[in-house]
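Please follow the account below alongside the sequence and the model.

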Amino acid sequence: LRRIEEIKATRRRKYELYQCQLADRPFLKFQRFNPEETNYSYMPVLFETEDILLRVMERLAGARIYPRRYFHPSLNTIPVLGCREPLPVSEQVARTILCLPLYQDLDEGEIGRICELIRGL
């Protein structure tokens, strides 16, 4: 815990690097939040369609980079949870959100490589 502020600052820089390198991509958006109130534990990117998300995943996997679909599927679609009500916004976000790699030792050059692969779509 002694290093928590240093770790948050490092992760924030990496998050901002992703944002800077992907800001001009018309097929993706970033989550909006107060930068002072987050711990930068994830790098979620919202794609325009699930098809684009799947193409990005395939492209990254080809380079041995494995982003995660942590928020998929939408919880209301899991039968054991017993929710039968459609939640179209949740379902759409769950289909199109992907978490890019973001961890303490992630090299900034690797972020550049990930962004270049995404930009190449």
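In this predicted model, Asn76 is found in the loop between α2 (50–62) and α3 (88–96). Is this residue buried or exposed? Its relative accessible area is 7%; because the limit for a buried residue is under 20%, Asn76 counts as buried.

Two polar partners of the Asn76 side chain can be located. One is the side chain of Ser74, with which the side chain of Asn76 makes a polar contact at 2.4 Å. The other is a backbone atom: the oxygen of Glu85 lies 3.2 Å from a polar atom of the Asn76 side chain.

Three strands form an open sheet in the order β1-β2-β3, and their pairing is antiparallel. The edge strands, β1 (28–30) and β3 (97–100), each pair on one side only. On average, neighbouring strands of this sheet are turned by 35 degrees against each other, direction ignored.

The pairing of β2 (residues 43–47) with β3 is antiparallel and runs over four bridges. Within this region, Leu46 has Ile97 of β3 as its bridge partner.

A helix accompanies the sheet. Helix α1 (residues 4–22) lies across β1, β2 and β3, and α1 runs at about 145 degrees to β1.

Methods:
Residues numbered from 1 in each chain as written. Predicted model: local features only at pLDDT ≥ 70, side-chain atom pairs only at ≥ 80, totals over all residues. Heavy atoms only, no water. Helix = DSSP H or I, 4+ residues; strand = E, 2+ residues; numbered from the N terminus. Buried < 20%, exposed > 50% of the residue type's maximum accessible area, 1.4 Å probe, protein only. Polar contact = N/O pair within 3.5 Å; in protein donor to acceptor, adjacent residues only side chain to side chain. Pairing = 2+ DSSP bridges. Axes fitted to C-alpha atoms, helices over the stretch in contact; angles between N-to-C directions. Contact = heavy atoms within 4.5 Å.
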